Amino acid sequence: MLKTCLIITAMLLPAAVFAEQGSGRKFQTPPDAWKTLPSKRSTRSNPCASFGPGFVKLEGSDTCVKLGGGISVGGGMSTGR
């Protein structure tokens with residue numbers, strides 16, 4: 001069993017080395033890759049502001065939504081009667 005594993009490893013090792021050498025692609029980063037893109041919100045006003053703070057318009061529709069949530073904690077006790 002050990003001999004079989006060593007033979008298989010010895011056969012696959014050169015194939016892995018040649019496969020690694022074959023991918024000699026050099027990717028170049030465009031000169032403007034690290035520039036910050038302008039924000040969409042800064043160029044237009046919020047049409048849902050009339051509903052109150054936190055409302056936003058869904059893309060592609062006329063619907064305004066506000067996401068929110070809350071946390072509740074409860075406790076109780078029993079005397080065992």
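How exposed is Phe55, buried, partly exposed or exposed? At 22% relative accessibility, Phe55 counts as partly exposed; the classes are buried under 20% relative accessible area, exposed over 50%, and partly exposed in between (1.4 Å probe, protein chains only).

The model is predicted, with local features needing pLDDT of at least 70, side-chain atom pairs counting only at pLDDT 80 or more, and totals for chains, interfaces and linings using all residues. Residues are numbered from 1 along each chain as its sequence is written, and side-chain values use heavy atoms, with hydrogens and water left out.

**View 1. The chain with its one helix and two strands.** Read from the N terminus, the order of the elements is α-β-β. Helices (H or I, at least four residues) and strands (E, at least two) are DSSP runs, numbered from the N terminus. Of the 81 residues in the chain, 2% are buried. The accessible surface is about 8400 Å², and carbon and sulfur atoms account for 61% of that surface; areas come from the Shrake-Rupley method with a 1.4 Å probe, and for residues only the protein chains shown count as cover.

**View 2. The disulfide of Cys48 and Cys64.** The structure holds one disulfide (a pair of cysteine sulfur atoms within 2.5 Å). The S to S distance between Cys48 and Cys64 is 1.8 Å, and the link is left-handed, with -70 degrees about the S-S bond. Cys48 is buried, at 0% relative accessibility, whereas Cys64 is partly exposed at 23%.

**View 3. The aromatic pair of Phe51 and Phe55.** A pair of aromatic rings is described by the distance of the centres and the angle of the planes. One such pair is found in a search of the whole structure. The rings of Phe51 and Phe55 are 5.7 Å apart centre to centre, with 40 degrees between the planes, and the pair is tilted. Rings of Phe, Tyr and Trp (its six-membered ring) pair if their centres lie within 6.5 Å; planes under 30 degrees apart count as stacked, over 60 as edge-to-face and the rest as tilted. Phe51 is exposed, with 54% relative accessibility.

**View 4. The salt bridge of Asp62 and Lys57.** The structure holds one salt bridge (a side-chain nitrogen of Lys or Arg within 4 Å of a carboxyl oxygen of Asp or Glu). The closest N and O atoms of Lys57 and Asp62 are 3.9 Å apart. Asp62 is exposed, its relative accessible area being 72%, while Lys57 is partly exposed at 39% relative accessibility.
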